[in-house]
Amino acid sequence: MSHCEFRSLIADELERVEHLLHDTLTGGDFEQKVNALCQSVVSAGGKRTRPTLLLLCAYMLKDLNEDAELKEKACLLAATVELLHTATLVHDDVIDNSPKRRGQDTLNVIYGNHVAVLAGDYLFTRCFALLQQLQSLKCIDIISRTVATLVTGEINQLEREGDLSLAESDYYHTIYCKTGALFEMAACAFALFIDAPEEQIEALKTYGRETGYAFQIADDILDYTADSATLGKDVGTDLTDGRVTLPVILALKNAQGEKLEALYQALENSDFAAVKAAIEESDALNACQNEALNCTSRAIKALTTFPDSPFKEALITIALKAAQRNH
């Protein structure tokens, strides 16, 4: 199934999500300026991966076309997840001092860090304003816990910048907090909302988490293989910011003797060309790609509890594409 084919399954719902995002960031003279700032970020051309995933999972559980009210709730939940994701991106750009996001100047570059932080804070308030309309304690709980996980992960990553002793288990903990938890929440939130059986909730959590892992590993590969124009942001930022990702961990694991010493030196000097060459020579990129595909396999296996449907097929496509991203 192609990207266009699976998007067409939920085209009306995604359009409704766009309207909800727009509506929650308009109106009120007092908030006009911050709404405009946030609207520019929300409308900047994101793929809407997380709301897409949520809506496909919802349709795999229920035929939303038979219940207009339930469909509206699913769209509200999808818009909430996208606002949460966007708020974290704005804050990430401040923390990382990122000049570009999706090929455009970031808020921190245009308006400064203070304004960007406040805009991110405001997006969180809009996220919870939508969430309260659902009147679901389970959804409030999982979204609150996801925010806590994201913050904990960011603090842990900052504390371990430049730590070349990081193990693969440490890396997975980081990417769960950074990416896996949000994918996990997007996949299972609607199931929690409708009180689906625990088996289905756990299966969707596994699917989301493993798809998030594959997505992040592929992203970390791209930081050493893509170019800035294709990626929409500067490459090599993981190295310059001291983030030790899986390509580096595996390269250090595979290198020996003088090559290992040279790699340590290149990492300490943030010599991107030398580090990239060492990663390529160590075959770490192929190992990373295989690991991403293993995550995809676990994600797809988790869906076996659900009957075959176009929505399940679309979710399988998303998992496969997550591991094989080129931008």
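Among contacts in the chain (heavy atoms within 4.5 Å) between residues at least 6 apart in sequence, 74% join residues at least 24 apart. This is a predicted model, in which local features need pLDDT of at least 70 and side-chain atom pairs count only at pLDDT 80 or more, while totals for chains, interfaces and linings use all residues. Residues are numbered from 1 along each chain as its sequence is written, and side-chain values use heavy atoms, with hydrogens and water left out.

The secondary structure consists of 17 helices and two strands. Both kinds of element are DSSP runs numbered from the N terminus: helices are H or I with at least four residues, strands are E with at least two. The C-alpha atoms occupy a box of roughly 65 × 50 × 35 Å along the principal axes. The radius of gyration of the chain is 20 Å, in agreement with the value near 20 Å for a compact globule with 327 residues; the radius is taken over C-alpha atoms, and the globule rule is 2.2 Å times the number of residues to the power 0.38.

Of the 327 residues, 52% are buried. Buried means under 20% relative accessible area, exposed means over 50%, and partly exposed lies in between (1.4 Å probe, protein chains only). The chain exposes about 14,800 Å², of which carbon and sulfur atoms supply 51%. Accessible areas come from the Shrake-Rupley method with a 1.4 Å probe, and for residues only the protein chains shown count as cover.

Helix 7 spans residues 113–132. Its 20 residues reach 29 Å from the first C-alpha to the last, close to the expected 28 Å, where the expected span is 1.5 Å times one less than the number of residues. Its buried residues include Ala116, Gly120, Tyr122, Phe124, Cys127 and Leu131. The cover over the buried residues of helix 7 includes helix 2 (11–24), helix 3 (32–42), helix 5 (68–96), helix 6 (107–111) and helix 8 (137–159).

Val115 also lies in helix 7, but is partly exposed, at 31% relative accessibility. Together with Val109, Ile110 and Tyr111, Val115 forms a nonpolar surface patch with about 340 Å² of accessible area. Helix 6 gives the most to this patch, with three residues. Patches are made of residues with over 30% relative accessible area and no salt bridge; nonpolar side chains (Val, Leu, Ile, Met, Phe, Trp, Tyr) are joined within 5 Å, like charges within 9 Å.

Side chains of opposite charge can pair when their charged atoms come close. A salt bridge is a side-chain nitrogen of Lys or Arg within 4 Å of a carboxyl oxygen of Asp or Glu, and the count by this rule is 17. In helix 8, Asp141 and Arg145 are four residues apart, which means a separation of about one helical turn. Their closest N and O atoms are 2.9 Å apart in a salt bridge. Asp141 is partly exposed at 38%, and Arg145 is partly exposed at 44%.

Asp241 and Arg243 form another salt bridge, at 3.3 Å from N to O. Here Asp241 is partly exposed at 22%, whereas Arg243 is buried at 10%. Lys312 and Asp308 meet at 3.2 Å, N to O. Asp308 is exposed at 70%, while Lys312 is buried at 9%. Elsewhere, salt bridges with shared partners join Glu18, Arg48 and Glu82 into one network.
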